[in-house]
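Subject: Structure handover

Hello,

Please find the structure below.

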Amino acid sequence: MKRITLITILFASAATAGAATADSIAIPEQLHEITVTSRRKPVEVIPVQTLSGDELQRLNSNSIADALRYFSGVQVKDYGGVGGIKTVNIRSMGTNHTGVVYDGVELGNAQNGQIDLGQFSLDNIEALSLYNGQKSEILQPAKDFGSAGSIYIRTRTPQFAADESYHARAAVRFGSFDLLNPSALVELRLSPRVNASLSAEWITSTGRYKFRYRRVNPAGELAYDTTAVRQNGDINATRIEANLNGSINMGEWHFKVYNYNSERGVPGAIVNNVWRRGERIWDTNSFAQGSFTKTVGSFTTLNNIKYAFYRTHYVNNDDKQIKIDNLYRQREFYLSSANELALTPWWRLSASYDFQWNTLSADMYGFAKPDRYSNLLSVATAVDLGRFKAQASGLATFIHDRLRGQQSPADKHVFTPAIYASFSPLRRSRDLQLRAFVKRSFRMPTFNDLYYADMGNSRLSPERVTQCNVGIVYSHDSRGFVRSLRLSADAYYNLVKNKIVAYPKGQQFRWTMLNLGKVDIRGIDITALAGFNPAGDLYATIRGQYTYQRAIDITSPADNYYRHQIPYIPHHSGSAVLNLSWRQWNVNYSFIYVGARYNQQENIRYNYTQPWYTSDVSLSRDFTFNKVRCRALVEVNNLLSQDYDVILNYPMPKRNFRISLTVEI
Amino acid sequence: MISPHITRTIFLYFLTLLAVAGKGATSCREDELVVPTEYDIIPGNPPVTSVIRGFYLVNEGNMGSNKCTVDFCDFTTGLYARNIYAERNPDVIKELGDVGNDIGIYGSKLYIVVNCSHKVEVLDARSGIRIGQVDIPNCRYVRFYRGKAYVSSYVGPVLIDPDAPKGAIFEVDTASLAVTRRVSVGYQPEEMEIVGDYMYVANSGGYRAPAYDNTVSVIQMIDFKQVEQIPVGINLHRVKQDRYRQLWVSSRGDYNTRPSRLYVLGRKPGYNRYAVTDTIPVACSNMAVRGDSLFYYATEWNDYTSSNTISYGIIDIRSKQVVSTNFITDGTEREITIPYGIAIHPETGDIFVTDARNYVSSGTLYCFSPDGKKKWSVRTGDIPAHIAFLPE
């Protein structure tokens with residue numbers, strides 16, 4: 001028992017130490033998961049945004065993708081509804097440049113390089129962080145140095161008080177679209193050094209929601225106004241996750257098994273004369289992963305292992321169209337060893353090596369059966385001179401693809417460096433910080449880009465990105481009216497070269513993939529977070545974020561979209577969240593604004609897409625009966641019932657509701 | 001510790017910044033307007049002829065974009081009107097539809113085949129105002145014969161094998177716009193041509209790759225029955241007849257080892273039936289016939305160079321020899337990314353070629369004089385493809 005208390009204190013103090021100087025815009029967490037308890041928590045050199053704990057749970061979000069809309073520089077592609085695909089694009093570089101890390105290990109999809117974040121519910125999530133570039137941590141797998149931007153998803157880790165041996169939580173959510181979403185969590189302390197947790201969830205929804213299309217002529221007279229119900233958007237999914245966590249002398253280990261199963265209808269585009277389609281997808285995503293950390297003197301090692309199996313079954317049953325019944329199976333094996341040496345209290349070095357194997361088999365005519373062997377080697381160093389901090393890293397990636405029964409494409413090797421620095425200009429406090437980074441990264445062509453029947457092009461090279469960022473952060477905590485204040489502004493310039501784009505060949509939608517595109521991206525991210533204590537037990541937090549982006553296509557002056565803003569990237573976007581809590585009551589208001597965009601490359605009026613903005617409101621009340629803690633939450637989303645499309649012809653739901661009840665012991 | 005004063009100053013500074021940024025961004029949602037028509041002046045005043053008033057051009061629009069649009073080029077006013085459908089038919093929900101595939105004028109009516117909206121849209125040919133629609137699943141091309149419209153469709157009646165239904169030709173009464181009869185043909189039928197009392201249908205079998213269809217279906221028009229399937233080549237697409245009642249049929253090949261080819265079907269002396277008489281050793285994506293000349297172009301992807309090889313040729317339909325390998329003579333072909341449609345002005349012989357560019361941005365329509373010199377060009381909708389001339 002004594003040991004647990006000690007660790008808890010260590011956690012708490014490390015978290016506070018980190019929070020005082022972190023440029024995170026999050027409220028400091030009370031208890032922080034620290035991977036290495038003995039080491040000093042490094043200060044964030046890299047722009048990071050975090051949402052965690054209660055704040056995250058109150059954001060009227062169905063999934064991780066919904067919550068990510070509150071981060072600056074992020075655009076979420078949302079095809080609508082509970083089962084609709086949702087992917088994120090950080091700073092206009094493209095979805096494939098975004099790394100998504102789930103409890104320390106990156107999620108992969110070698111087939112199309114995109115992670116559908118709509119599949120990840122917020123039920124068991126403790127914190128979501130977004131890093132531009134990479135995480136400010138040199139002890140990390142080589143892969144983590146590779147992405148242009150990364151999202152870290154951290155699930156809840158059991159934390160037991162001295163007299164506790166278990167926790168249990170049950171929740172049920174129901175609401176519009178016939179949504180029913182029960183979930184349960186059990187946490188057990190097996191021994192003073194080992195604990196386990198089991199989390200399970202079931203989500204079902206018919207996905208039937210009303211949407212409306214309306215047009216008027218320039219004189220203001222109604223041309224048409226139609227409301228219909230979205231069809232074939234149903235989902236039935238389960239998630240089961242089991243964790244085993246342990247601590248050893250100067251180290252810890254984790255083991256996780258994850259399984260997600262779903263059957264979904266694909267609602268498809270709403271076009272003239274077509275209101276229903278016949279596509280369905282069955283997904284099974286399973287993985288097991290383990291990690292082990294230990295510190296010996298000034299040396300720390302972090303090792304990860306993962307095996308994943310993804311199965312996707314796609315069927316098109318529309319009797320007006322080609323019948324499709326395809327089964328895709330992906331397997332992944334991943335092994336990583338990251339090692340860090342603290343040479344002096346202010347200077348650390350690290351080296352990591354990762355190996356990854358991916359394979360895909362598709363029962364589809366003309367689709368090659370590829371195996372991919374990736375070897376990644378990184379070296380990094382960090383110096384912390386008090387007011388000045390810097391990190392530098394280099395990642396070498398070697399990729400070999402092997403095709404069964406066909407000639408394999410040439411091996412690829414890429415070197416990508418990154419440099420980060422931050423400086424506190426004030427002598428007496430660290431409240432103000434200046435920061436800058438330059439990073440190169442790339443994305444490999446996916447299996448679809450390379451080997452998809454007829455369309456793939458095995459001669460593709462990696463797509464490359466160069467990012468430059470300068471920023472300023474101010475953070476301050478005090479006891480007065482303004483309890484905490486975090487402000488940050490970053491300006492960035494990204495250049496995407498060798499962008500992989502679809503290129504036409506021959507007649508009727510025959511395409512191939514080419515390294516053709518070039519995109520110039522300049523943007524500004526501004527975030528503000530303030531916590532107030534206006535009176536007594538009343539607390540208020542305001543969070544605001546604004547993004548300006550100019551992302552233009554500079555591929556060729558011969559294109560009729562030369563120097564036009566790229567599709568679905570608004571010039572202006574932002575969000576604001578206001579949270580008020582008084583004793584057991586909590587009210588949350590959130591507003592999201594996405595400015596005018598173009599739905600195709602050419603910025604002409606036929607491709608113009610109107611801005612959209614939604615207001616979501618939630619109200620919650622906490623109760624305690626004996627030792628049972630309960631929470632009731634009522635949410636209203638799209639309060640003003642705006643009719644909008646995020647993606648052209650994929651209408652979003654009108655006003656909708658959700659009620660959640662949570663019981664915890 | 002930093003002083004509260006500085007804290008407040010910085011806070012105010014950021015608030016101002018956010019407010020300014022917010023102000024710049026406060027463009028609000030407005031009512032969605034009916035998609036407007038745009039007008040361009042056709043350069044160099046096209047000659048007004050007594051026979052042809054102008055032409056309609058169907059832009060296919062990328063799949064799922066619902067951006068099938070119609071343009072009208074008016075020779076009498078010298079104006080090119082882009083995207084006329086919505087403005088003339090503002091009350092049609094979700095406009096013209098998804099992926100146009102063909103256009104034809106018969107009598108006073110204009111027929112637009114909208115493939116992924118599973119319908120044939122019928123407009124008044126002069127005003128562009130909607131008369132009605134005929135629902136035909138996965139419809140492809142339209143031809144006319146004795147008061148009836150005939151539409152090829154990938155989906156015929158589901159018979160023995162529900163997984164690979166044969167295609168069909170639907171017969172539509174042009175007065176009542178009702179489907180009157182239909183006949184099952186080969187797999188995934190494309191273009192048709194009617195010669196005498198028979199219709200010849202090119203079957204592609206595109207949904208069955210690599211087991212493509214390789215036949216031309218022959219339909220006897222009197223009783224609307226398929227009487228024969230002539231073996232020609234795999235993955236057939238276009239059928240055009242010439243003035244000697246020969247049929248020119250293009251095969252798309254398998255995009256891999258078997259190249260695209262052009263076949264000639266004719267009647268052998270003493271026989272009534274059509275059979276392949278010649279195979280022209282050129283690739284052919286699309287063609288148009290004028291007099292004794294067949295103008296064709298071909299787009300072939302070359303994996304080795306990662307580029308399209310594009311040719312524009314003329315074939316003498318009597319000698320069946322390629323007499324020119326480039327009917328564009330002034331170098332304009334270098335501006336064209338993907339030729340996608342071809343039509344010849346029935347009176348002046350001007351050649352119209354459309355460029356679909358990258359399929360997801362505006363295309364270009366080029367007008368060439370009969371000797372292959374560019375006369376003018378104009379911006380179109382997405383994937384300009386099919387042209388129908390409107391008689392005066």
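Two strands pair if DSSP finds at least two bridges between them. Strands themselves are DSSP runs (E, at least two residues), numbered from the N terminus, as are helices (H or I, at least four residues).

This is a predicted model, in which local features need pLDDT of at least 70 and side-chain atom pairs count only at pLDDT 80 or more, while totals for chains, interfaces and linings use all residues. Residues are numbered from 1 along each chain as its sequence is written, and chains are lettered from A and ligands numbered from 1 in the order in which they are written.

S25(A) and S26(A) pair in the antiparallel sense, with 15 bridges. In this pairing, A:Ile524 has A:Tyr548 of S26(A) as its bridge partner. The two strands S25(A) and S26(A) make a hairpin with two residues between them. In the turn, A:Gly536 has a positive phi of about 45°. S26(A) also pairs with S27(A), again antiparallel, over 11 bridges. There, A:Gln545 is opposite A:Ser575 of S27(A).

The contact between the chains

Two residues are in contact if their C-beta atoms, placed from the backbone, lie within 7 Å. The contact involves 63 residues of chain A and 59 residues of chain B. Among the strands of chain A that each supply at least two residues to the side touching chain B are S25 (511-535), S26 (538-553) and S27 (572-582).

A sheet in chain B

In chain B, four strands make an open sheet in the order S25-S26-S27-S28, with antiparallel pairing. Strands S25 (339-344) and S28 (374-382) of chain B are at the edges and have a single partner strand each, so one side of each has no neighbour in the sheet. S25(B) is joined to strand S26 (residues 351-355) of chain B by five bridges, and the two run antiparallel. One residue pair here is B:Pro339 with its bridge partner B:Asp355 in S26(B).

One residue in chain B

B:Thr180 belongs to strand S12 (residues 179-184) of chain B. Is B:Thr180 buried or exposed? B:Thr180 is exposed, because 11 other C-beta atoms lie within 10 Å. (A residue is buried with 20 or more other C-beta atoms within 10 Å of its own, exposed with 12 or fewer, and partly exposed in between; C-beta atoms are placed from the backbone.) Apart from neighbours within four places in sequence, B:Thr180 is in contact with B:Glu171, B:Val172 and B:Asp173. The C-alpha atoms of B:Thr180 and B:Phe170 are 7.7 Å apart, and these residues are 10 residues apart along the chain.

Regards
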